[in-house]
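Please open the structure in your viewer and keep the selection panel at hand. The tour below goes from one selection to the next and says what is to be found at each stop.

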Amino acid sequence: MSLVHIVAFKFKDLVPAEEVKAACDRMLALGTNCIHPTSQKTYIKVIGGGRDNSPEGMQHGMTHSFVFQFESVEDRDYYVKKDPAHLEFVSTIKDLVEDAHVMDFIPGVF
């Protein structure tokens, strides 16, 4: 049973565009940088990410979104709590991001 992980960032207004792009590139690179502790293989499927362009006006300040997929809740939990590559990434963006929203779901479970 797979799990979809959605992350939205609101970058601080004074962060230069090239730093935002670099942070986004690092986020997407987690798909190859995060290695499963048991299989020693990559375990995140990166669906994609990019800058918001919705005309609906319901972004609540979020400027960039990313969608990842995990094969299990356990894989997601390892990623969030223990994966060294993810934890390092989080440490590199904490001064760039004003706010973040994260939502996870299992497709078809309501």
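A pocket, as the word is used here, is an open set of grid points with protein on both sides within 12 Å along at least five of seven lines, and its lining residues have an atom within 4 Å of a point. Please keep in mind throughout that the model is predicted.

**First stop: the largest pocket**

Select Val-7, Phe-9, His-86, Val-90 and Val-102, which, of the 14 residues that line the largest pocket, are the closest to its centre. The volume of this pocket is about 220 Å³. To see where the lining comes from, colour strand E1 (3-11), helix H2 (73-81), helix H3 (84-93) and strand E4 (97-105), each of which supplies at least two residues. Which of these elements gives the most to the lining? It is H3, with four residues. Sorted by class, the lining of the largest pocket consists of 11 nonpolar, two polar and one charged residues.

**Second stop: helices H1 and H3**

To view the contact itself, select Ala-23, Arg-26, Met-27, Leu-30 and Asn-33 on H1, together with Ala-85, His-86, Phe-89, Thr-92 and Ile-93 on H3. By class, the residues of this contact divide into six nonpolar, three polar and one charged. His-86, which belongs to this contact, was also selected at the first stop, among the residues closest to the centre of the largest pocket.

Next, select Ala-8, Asp-52, Met-58, Gln-59, His-60, Met-62, Thr-63, His-64, Ser-65 and His-101, which line the second largest pocket. This pocket has a volume of about 150 Å³, and its lining has three nonpolar, six polar and one charged residues.

**Last stop: Val-97**

Finally, select Val-97, which lies in strand E4. Is this residue buried or exposed? Residues under 20% relative accessible area count as buried, and Val-97, with a relative accessible area of 12%, is therefore buried. Leaving aside neighbours within four places in sequence, Val-97 is in contact with Phe-9, Lys-10, Phe-11 and Lys-12. Met-62, one of the residues that line the second largest pocket, is 35 residues from Val-97 in sequence and 10.0 Å from Val-97 in space, C-alpha to C-alpha.

Definitions and conventions: Residues are numbered from 1 along each chain as its sequence is written. This is a predicted model: local features need pLDDT of at least 70, side-chain atom pairs count only at pLDDT 80 or more; totals for chains, interfaces and linings use all residues. Side-chain values use heavy atoms; hydrogens and water are left out. On a 1 Å grid over the protein atoms alone, a cavity is a set of points where a 1.4 Å probe fits but cannot get out, and a pocket is an open set with protein on both sides within 12 Å along at least five of seven lines; lining residues have an atom within 4 Å of a point. Grid points are joined across faces, edges and corners, and a volume is the space filled by probe spheres set on the points. Ala, Val, Leu, Ile, Met, Phe, Trp, Tyr, Cys and Pro count as nonpolar, Asp, Glu, Lys and Arg as charged, and the others, Gly among them, as polar. Contact means heavy atoms within 4.5 Å. Buried means under 20% relative accessible area, exposed over 50%, partly exposed in between (1.4 Å probe, protein chains only).
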